[in-house]
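User: I'm new to this structure and would like to learn how to read it. Could you walk me through its features, one at a time?

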Amino acid sequence: QLVLNLANPQVIEYLKNVLDELLSYHKIDYIKWDMNRNITNLGNGSVYLETQMQSHQYMLGLYELVSYLTEKHSHILFESCSGGGGRNDLGMMRYFPQVWASDNTDAIARLPIQYGSSYLYPTISMGAHVSAVPNHQMGRMTPLETRGHVAMMGNLGYELDLTSLSDEEKAEIANQVNLYNELRPVVQLGNQYRLINPNAESNEAAVQFNYGNQTIVTYVRVLSVVETMETTLKLKDLEVEGLYELEGTNIVYSGAELMYAGLTVTLSPGDFLSRQYKFKRL
């Protein structure tokens, strides 16, 4: 394992030259940078100040390196990643506009991860992927539709073996990609509203995005329930007297109805199911 001290100016110049040559002579348009450690775990006692200074110098060296690379190779999308959630930092986002929020790709586990991340970081910055089932971390069998809906709450991507999928699954993925191309401006640029928090006490999650005359609502139910009233989602920030048509139907709601009476969600029995609603203001 090669250890490079980014607090050393000579090391920084060496890396600039090596990476610049690599990026200049190869067709590369995406890099996942898995080393953006922030300033934590500095130790204590007599070594604290020395360790703190070294960590600070390391971060300044890292910023110098990535500043050089991203400015010179502006056509490349750099995604930061530090091997897990909770270690994103705003300093890296100055250079890397996209972040891998967590190595946990299970759709149900991602609900609170993505929900919590959205309190500080914009949706457009969050990579969210559809992975294979059973999920390699949780062992969960989640429908492809639900995995797609959850990933569409961020920047949709796929990390699975396409050659192992059935023709039906490939067709569904193609439909998801086409749909997300339509939804992308709403999700990435729109205003986000948290309708149901997927915390430890909740069996549900729901998020809404508004952009222009479009509204996207995604609802996920974790476990199937019986003899329970259907969930009603009260949408946010619509025009009270506006008319909103639900895509794929001839149903038109008023903004007042969706905000104050709410949208009743109906799902078939089963675990890990979801619904996605797309409204257009007429």
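User: Let's begin with strands. How many bridges pair S2 and S3, and in which sense?

Analyst: The general idea is that two strands pair if DSSP finds at least two bridges between them. Strands here are DSSP runs (E, at least two residues) and helices are runs of H or I with at least four residues, both numbered from the N terminus. In this case, S2 and S3 pair in the parallel sense over 2 bridges. Within that pair, Ser 80 is opposite Val 99 of S3.

Before we go on, a word on the source: this is a predicted model, where local features need pLDDT of at least 70 and side-chain atom pairs count only at pLDDT 80 or more, while totals for chains, interfaces and linings use all residues. Residues are numbered from 1 along each chain as its sequence is written, and side-chain values use heavy atoms, leaving out hydrogens and water.

User: Which sheet do these strands sit in, and what is its order?

Analyst: They belong to an open sheet of 5 strands, ordered S1-S2-S3-S4-S5 with parallel pairing. At its edges are S1 (30-33) and S5 (155-159), each of which pairs on one side only. On average, neighbouring strands are turned by 35 degrees against each other, direction ignored. For angles in general, axes are lines fitted to C-alpha atoms (for helices, over the stretch in contact), and angles run from 0 to 180 degrees between N-to-C directions.

You can check the pairs along the sheet. S1 and S2 (residues 77-80) run parallel over 4 bridges, and Ile 31 has Phe 78 of S2 as its bridge partner. S3 (residues 98-100) and S4 (residues 126-131) are parallel too, joined by 2 bridges, with Trp 100 partnered by Gly 127 of S4.

User: What is the order of the sheet with 6 strands?

Analyst: That open sheet has antiparallel pairing and runs S6-S7-S8-S13-S10-S11. S6 (191-196) and S11 (252-254) are its edges; each has a single partner strand, so one side of each lacks a neighbour in the sheet. From one strand to the next, the twist averages 25 degrees. For a pair to look at, take S7 (residues 204-211) and S8 (residues 214-221), antiparallel over 8 bridges. There, Ala 206 has Tyr 219 of S8 as its bridge partner.

User: How do I read a helix lying on a sheet? Which strands does H5 lie across?

Analyst: Look for contact, meaning heavy atoms within 4.5 Å. H5 (residues 144-151) lies across S8 and S13 (273-281), at about 50 degrees to S13. H5 also lies across S4 and S5, running at about 175 degrees to S4. H6 packs on that sheet as well, touching S4 and S5, and its direction makes about 150 degrees with that of S5.

User: And two helices together? At what angle do the axes of H5 and H6 cross?

Analyst: The rule is that angles under 35 degrees count as roughly parallel, over 145 as roughly antiparallel, 65 to 115 as roughly perpendicular and the rest as oblique. The axes of H5 and H6 (residues 167-189) cross at roughly 25 degrees and come within 11 Å. That is why H5 counts as roughly parallel to H6. Contact is made by Leu 144, Glu 145 and Gly 148 from H5, with Glu 169, Glu 172, Ile 173 and Gln 176 from H6.

User: What does "buried" mean, and how many residues of H4 are buried?

Analyst: Buried means under 20% relative accessible area, exposed over 50%, and partly exposed in between, using a 1.4 Å probe and protein chains only. H4 (residues 107-117) is mostly covered, with 8 of its 11 residues buried. Among them are Ala 107, Arg 110 and Tyr 115. The cover over the buried residues includes S3, S4, H5, S6, S7 and S8.

User: Where is Val 217, and is this residue buried or exposed?

Analyst: Val 217 is in S8. Val 217 has a relative accessible area of 0%, so this residue is buried. Beyond residues up to four places away in sequence, Val 217 touches several others, including Leu 195, Val 207, Leu 233 and Phe 279.
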